[in-house]
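Biologist: I am new to this protein and would be grateful for a guided introduction. May we examine the model together, beginning with the whole and then turning to its parts?

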Amino acid sequence: MTHWHQLTVPDTLSRLETDRATGLTTTEVDRRRQRYGPNELAEGGRKSPWLMLLEQFTAPLVVMLIVAAAISAFLQDYKNAISIMAIVILNAVIGFRQEYSAEQAMAALKRLSTPTVKVRRDGQVREISSRELVPGDIVLLEAGNLVPADGRIVETASLRVQEAALTGESEAVEKEVDRTFAEDCPLGDRRNLTYMGTIVTYGRAAIAVTQTGMNTELGRIAHLIQGVESEQTPLQRRLGELGKTLGAVAVAISALIFILGLLRGEEIKFMFLTAVSLVVAAVPEGLPAVVTIALALGAARMLKRNALIRKLPAVETLGSVTTICSDKTGTLTKNRMSVTALEVVGERIDWDAPADDAIRRPSVSLLLSGVALCNDATLDEAGEEAIGDPTETALVVAAAKVGLLKDELEAAHPRIEELPFDSDRKLMTTLHRITDTDRELVAALGGDRPTYISFTKGAFDRIIDIASGVWTENGIEPFENWRDRVSA
């Protein structure tokens, strides 16, 4: 097994027999695809529709109903036989329909979730389905991209990747291209690798694909999950036990009555029919149908809340849960940050429900304009969803809350220069041109109608090292007068 995090970039490219600038040739891609197969997670144990239908008739109570219907037909009690079989068929149809619909929905979701990626092949950048990737492909990543396969970073510009789905760490991990590791280390510490299923939140990079499909770290997890044997739910176990108990008791009582009848001198045929009738009468024909319909109604209600149930008995299992134990951000939450408060000139503003007068203050407008402009996250047209680093998306959404949309701000104040965030400086700085409409606002900072404005955001300890003053309504005051307040 190759430890890719221990190899340098030239060694990785040599081992993969690929070129960073041109990528693989079409001929080589075809050869490797035949060897490695498609870049997708294999579906374990997907059942055929016929098997799904057959399983609806295997529960002990259902088997008892089928036997009871057969006995009723044998005794020429056709009305009872038809009624019992109608219940059996209704039960099977409801269960099959739920499971088959869920399987189809899951398959459709899988097709929709296959992303397209940019890859270098034959010296050109192409956009292809992630299923077509093979080891050795040079994939280009940028903020918002889903990493399509495991890979060794060969080029990077301030790349940060959200790996919560794989490692459980809520903070995005900053990646490094030139770093190697002499010894093996945990997945979360391998700063020169990217993994399938993680998300790029900041920067850009090029990776050389090292593993695809089930050979990826995510594929290994999928293999372990598929190896877990399914167990019956508590309701299934109790119904199974009930069916077996009822069957045993009914047969025992019927046999006893049959023997007692013979001892009294009754005819064998009459006592046999009587005993069989007792067995049929002991079967609760309506119970399986009532249980199935109740579970189906529960599944329908959960579907309205965007919870897709693949098997009806799972509804009962979920209803039996009393305590849920979870670990790490992203397990139950969306792994998103949000602005809850602003500190402006020594005043705290609750940003969950800001007052109208607070929104209209120049200081608030300038602060939110600054955090939106000194930012690489992107915002959707509705101004609600953002793509990028969790901290940056939170700031962009906070500004949009009061109508300061990032695209409109950038159109009015184009970015002239920038110093992107890096691990050494721990700051991001952008320089913008000021339009005539906003010169009065910015002039309040001091000076005569400035043409440019610069915004810097970053680590607290670096900010206070370079800050010289604080803008207040009374003008600019020395930062030392505010250091304790800002630190608190």
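**Overall architecture**

Modeller: Buried residues make up 35% of the 488 residues in the protein. Please bear in mind that this is a predicted model.

Biologist: What percentage of the accessible surface belongs to carbon and sulfur atoms?

Modeller: The accessible surface of the protein comes to about 28200 Å². Of this surface, the part that belongs to carbon and sulfur atoms is 56%.

**A nonpolar patch**

Biologist: Which helix gives the most to the nonpolar patch?

Modeller: The patch covers about 300 Å² of the surface and is made by Ile66, Met85, Ile89 and Val93. Isoleucine 89 lies in helix α5. Three residues of the patch come from the helix that gives the most to it, spanning residues 78-112, and that helix is α5.

Biologist: Is isoleucine 89 buried or partly exposed?

Modeller: A residue counts as buried under 20% relative accessible area and as exposed over 50%. Because its relative accessible area is 47%, isoleucine 89 is partly exposed.

**Helix α9**

Biologist: Which residues in α9 are buried?

Modeller: Helix α9 runs over residues 268-282 and has 15 residues. From its first C-alpha to its last, α9 reaches 21 Å, close to the 21 Å expected at 1.5 Å a residue. An α-helix has 3.6 residues a turn, so residues three or four places apart point the same way. The buried residues in α9 are Met271, Ala275, Val276 and Val280.

**Positive phi angles**

Biologist: What is the phi of serine 158?

Modeller: Most residues other than glycine have a negative phi. Serine 158 is placed in strand β4, residues 150-162, and is partly exposed at 22% relative accessibility. Although serine 158 is not a glycine, its phi is positive, at about 55 degrees.

Biologist: Where is lysine 426 found?

Modeller: Lysine 426 also is not a glycine, yet has a positive phi of about 60 degrees. With 33% relative accessibility, lysine 426 counts as partly exposed. Lysine 426 is found in the loop between β12 (415-419) and β13 (427-433).

**Across the chain**

Biologist: What separates the C-alpha atoms of serine 320 and leucine 235?

Modeller: Serine 320 is found in the loop between α11 (313-319) and β8 (341-344). Serine 320 and leucine 235 are 85 residues apart along the chain, and their C-alpha atoms are separated by 9.7 Å.

Key. Residues numbered from 1 in each chain as written. Predicted model: local features only at pLDDT ≥ 70, side-chain atom pairs only at ≥ 80, totals over all residues. Heavy atoms only, no water. Patch = residues over 30% accessible without salt bridge, like charges linked within 9 Å, V, L, I, M, F, W, Y side chains within 5 Å. Areas by Shrake-Rupley, 256 points an atom, 1.4 Å probe, with all protein chains shown as cover. Salt bridge = Lys/Arg side-chain N within 4 Å of Asp/Glu carboxyl O. Helix = DSSP H or I, 4+ residues; strand = E, 2+ residues; numbered from the N terminus. Buried < 20%, exposed > 50% of the residue type's maximum accessible area, 1.4 Å probe, protein only. Expected span 1.5 Å × (residues − 1).
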